[in-house]
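Here's a quick tour of a few backbone details worth a look. Have the structure open as you read.

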Amino acid sequence: MPKLILLFKDKVLTTYPITEGGALTVGRHPENDIIIDNLAVSSRHARIEHINGKFELTDLDSKNGTLLNGKSVHQCALNDRDVIGIGKHMLKADWKDRLLMGPEDEGRSCAAEPADFSSTMMLESANLCLEPTGKARPCADCIAFLAGGKGELLLSRKDVAIGKNRDADIVVGGMWAFLMGAPAAVITKQAGDYFLRHTGGWIKPKRNGAGVKGTVKLSHEDVVSLGPVKFEVQLCERAAG
């Protein structure tokens with residue numbers, strides 16, 4: 001029977017069978033079929049279902065997004081041996097019963113090529129792929145907290161807001177809230193690049209120690225700070241041309 005294998009740090013935690021016409025929801029809330037109790041996982045994060053002879057993965061507008069073979073996706077086909085990334089956990093597809101899959105879907109997925117996990121180093125808070133030089137680069141664009149937060153935040157949305165407002169992606173509270181805008185700064189994705197701009201408040205963001213005036217383009221390993229928050233920008237390798 002086809003099943004999903006839940007892994008954490010390359011260790012198998014449990015397996016979940018999925019039947020023809022069935023569906024499994026993934027999230028932090030106890031009502032989900034696959035419960036992952038981690039703050040990086042949304043209450044209702046993703047759904048895997050069998051529809052019209054094929055399996056399909058759907059991100060349920062989660063805060064940190066869903067990865068398929070290292071790439072951020074919203075909705076697409078899910079094939080045998082595909083690997084779903086949800087927070088710090090992974091779900092590996094194991095479709096042994098090929099009769100449940102349409103022949104036109106065999107070997108296809110949303111990612112251009114399946115990830116080569118034989119050359120992947122799994123760290124506690126992110127999937128990092130090794131370059132030929134041996135230097136680690138992230139499989140998905142993200143920011144890695146150095147202060148004022150823990151782990152990583154995927155840059156899976158067009159805008160990532162930092163400020164005192166409760167609906168910001170990175171909320172700054174305490175005494176800093178009096179000096180912060182709502183939001184204070186925004187990271188915006190445009191044509192595959194990321195830009196940082198100050199949007200309000202007394203405190204302005206800094207990039208690599210220099211104050212940001214207007215809008216600046218972010219590069220891999222740039223360090224951004226805003227009040228008590230400090231993080232490093234980690235971007236995927238861009239294809240040439």
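This is a predicted model: local features need pLDDT of at least 70, side-chain atom pairs count only at pLDDT 80 or more; totals for chains, interfaces and linings use all residues.

The peptide bond joining A182 and P183 is cis, with omega at about 0 degrees. For context, most peptide bonds are trans.

Most residues other than glycine have a negative phi.

Go to the loop between β5 (46-51) and β6 (54-59), and you'll find N52. Its phi is positive, near 50 degrees, even though N52 isn't a glycine. Is N52 buried or exposed? N52 counts as exposed because its relative accessibility is 76%, and the cut-off for exposed is over 50%.

N208 is in the loop between β21 (206-207) and β22 (210-211). N208 isn't a glycine either, and its phi is positive at about 55 degrees. With a relative accessible area of 46%, N208 is partly exposed.

Now for β23, which covers residues 215-218. Which residues make up its covered face? Those are V216 and L218, while T215 and K217 are on the uncovered one. In a regular strand the side chains alternate between the two faces of the sheet.

β23 pairs with β20 (residues 193-198) in the antiparallel sense, over 4 bridges. Within that pairing, L196 stands opposite V216 of β23, and V216 belongs to the covered face.

Conventions. Residues are numbered from 1 along each chain as its sequence is written. Side-chain values use heavy atoms; hydrogens and water are left out. Buried means under 20% relative accessible area, exposed over 50%, partly exposed in between (1.4 Å probe, protein chains only). Helices (H or I, at least four residues) and strands (E, at least two) are DSSP runs, numbered from the N terminus. Two strands pair if DSSP finds at least two bridges between them.
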